[in-house]
Amino acid sequence: MRYDAVVIGAGMSGLAAGIRLAQAQKRVVVLERHSLWGGLNSFYKRAGRRFETGLHALTNYVPRGTPGVPLTRILRQLRIPYEALRLAPQKGSQTAVRLGSEILRLEYSNDFARMQGSVARLFPAEVVGFERMVAALPGYDYADAQALAVGARQRLGEFIRDPLLVQLLMIAPLFYGSPTEHDMSWAEFGVLFRSIHLEGMARPEGGIRGLLEVLLERYSKEGGELRMRCGVRSIRHERGRVLGVQLDDGSELETDQVFSSAGLVETRALCGMERAHDEADVGRLSFVEVCCVLDSLPETLGHDATIVFFSDGLPLRYQQPPDFVEPRCGVLTCPSNYLTTSPPQEGLMRLTCPARHASWVGLEPHEYAAQKERAVEAMLDSARIFAFDPRPHTLYRDAFTPRTIEHFTGHRGGAVYGSPRKSRDGRTELEGLSLIGTDQGLVGVVGTLLSGIGIVNQTMLRPTGGPR
Amino acid sequence: MTHDEIVIAIKDIIATIAPDEELGNLAMDVRLRDQIELDSMDFLDIVMELRKRYGVQVPEEDYMQLATLKGCVDYLGPKLESKKLVTHALKA
């Protein structure tokens, strides 16, 4: 069968790419190996309850109609009305660090003044430097080559003298999407700081699942084809040009345009073009995540923060830990702490901490379960320090590890933020093969949607046909 | 299509791709992107809709011709002469 385009993966970027292609009346199919869509931002069912993965939130929140920002652009390009997302803004979030017996909390919300106020209270001497830093942030377009080459910590240090504030400012952006340990480029920091702090965070009322349903509906309305449980075994090519894909069941689809969200190293493997440096290109950051279903809402237990990025002590250990999990830093989120019109019936706390993929693979089932319990208990001890202890209120809990992530996303090493090597223009060594999603290098839900849109626009929707 | 209908056709396409924009008072001879929020991605979509709705191909080198409503009428007039107006977003 012949298609104008084949998209690998029904995650955010794949669905966005599919919608754009279908809108342009291309014959397109999105192929998904699993029985659920969503990829890194997905959902699953356990014990009759639905759980979500990922941060449960969208960054880049802006009010309806705000011009020239990512959220407005993706909605327009995908022709999704703003109201369809039913966005509930965050109540307020924080970066919390314990130093000795004291916990320092930098607070922020969708009103940037709250962050400015918090900086002024905690670091009165840094107010001017902080404002100068904000004014100097690079934009969304990654056009500044210099900003891509310099580390964020170094640039922050040029504006802000107190190294403690520099450390605090790094925590949320790192956890929100850095594929590299400890630091990121100043360009990436600019995008993340804008997305999280200058714009803001919100949750679709229907959760990530609701957002995915909106995307699927758009895609099918435009006439796109979606095949579930349909993995790609290989990408066929000849003389540097894509010819088609071979599916897991051995059948073939012909096409000269493939958009792959499988990841950089994973896509190379699909092409039979493994490289000696593949191992080094596999991302090192993966996570253990636990979801606790509670008998009360966190708010009634005295915790009303939406998201808490935490670190017990400094420097921050945003890195692959030496073994199973690093419980001393992570992200804690309560999906009921958004300004929602439909209050949730059950309380939920979700906690995510860095983990080492290699520790989790190859364990026998009973050993795996035991290690998971140990990891989760250590993580919940951190929850007690920075928020509250969910254990006395837990009705049910479920956890997953880097092994689970690798299985369901196909990302080697369970690397949630993909490879440290990004292909910002989406190009690969093959003509007709483009990367979209995590390894194209845009982060967060909005970023990855924009990735699918942007790469399709650049490769297929220009009237002259070829790329640029 | 008459010239007036071409203006409606363009406004309808813009209303489809940018439903939040106010299109009532668009001037004919001022650049569209100076009057409403339209970027190059949106221009791709205008061209895409012209192809879908009316089978009209606009090569990339002619994009400049579509900068104003008057430009659209001048450039698309001959191409849309025999076509019937299609509206999706605007009420007739």
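Let me start with one pair: Val30 of chain A stands opposite Leu226 of chain A, in strand β9 of chain A. The model is predicted, so local features need pLDDT of at least 70, side-chain atom pairs count only at pLDDT 80 or more, and totals for chains, interfaces and linings use all residues. Residues are numbered from 1 along each chain as its sequence is written, and chains are lettered from A and ligands numbered from 1 in the order in which they are written.

Some terms. Strands are DSSP runs of E, at least two residues; helices are runs of H or I, at least four; both are numbered from the N terminus. Two strands pair if DSSP finds at least two bridges between them.

Back to that pair. Strand β2 (residues 28-31) of chain A pairs with β9(A) in the parallel sense, over 3 bridges. Which sheet is this? It is an open sheet of 5 strands in chain A, ordered β9-β2-β1-β13-β19, with parallel pairing. At its edges sit β9 (225-227) and β19 (433-435) of chain A, each pairing on one side only. On average, neighbouring strands here are turned by 20° against each other, direction ignored. Axes are lines fitted to C-alpha atoms, for helices over the stretch in contact, and angles run from 0 to 180 degrees between N-to-C directions.

Helix α1 (residues 12-23) of chain A lies across β1 (5-8), β2 and β13 (258-260) of chain A. This helix runs at about 170° to β2(A). Contact means C-beta atoms, placed from the backbone, within 7 Å.

Next, a second open sheet. In chain A, 3 strands are ordered β10-β11-β12, and the pairing is antiparallel. Its edge strands are β10 (232-238) and β12 (252-254) of chain A. Strand β11 (residues 241-247) of chain A is joined to β12(A) by 3 bridges. There, Gly244(A) has Glu254(A) as its bridge partner.

Now a hairpin. Strands β6 (residues 93-99) and β7 (residues 102-108) of chain A pair antiparallel over 7 bridges. Val97(A) has Leu104(A) as its bridge partner. Between the strands are 2 residues, and Gly100(A) takes a positive phi near 65°.

Last, helix α7 (residues 163-177) of chain A. Is α7(A) largely enclosed or open? Enclosed: 11 of its 15 residues are buried, so the rest of the structure largely surrounds it. Buried means 20 or more other C-beta atoms within 10 Å of the residue's own, with C-beta atoms placed from the backbone. Among the buried residues are Met170(A), Pro173(A) and Phe175(A). A kink of about 25° lies at Met170(A), shortly before Pro173(A). That bend is the angle between axes fitted to the seven residues ending there and the seven starting there.

Definitions and conventions
Two residues are in contact if their C-beta atoms, placed from the backbone, lie within 7 Å. A residue is buried if 20 or more other C-beta atoms lie within 10 Å of its own, exposed if 12 or fewer, and partly exposed in between; C-beta atoms are placed from the backbone.
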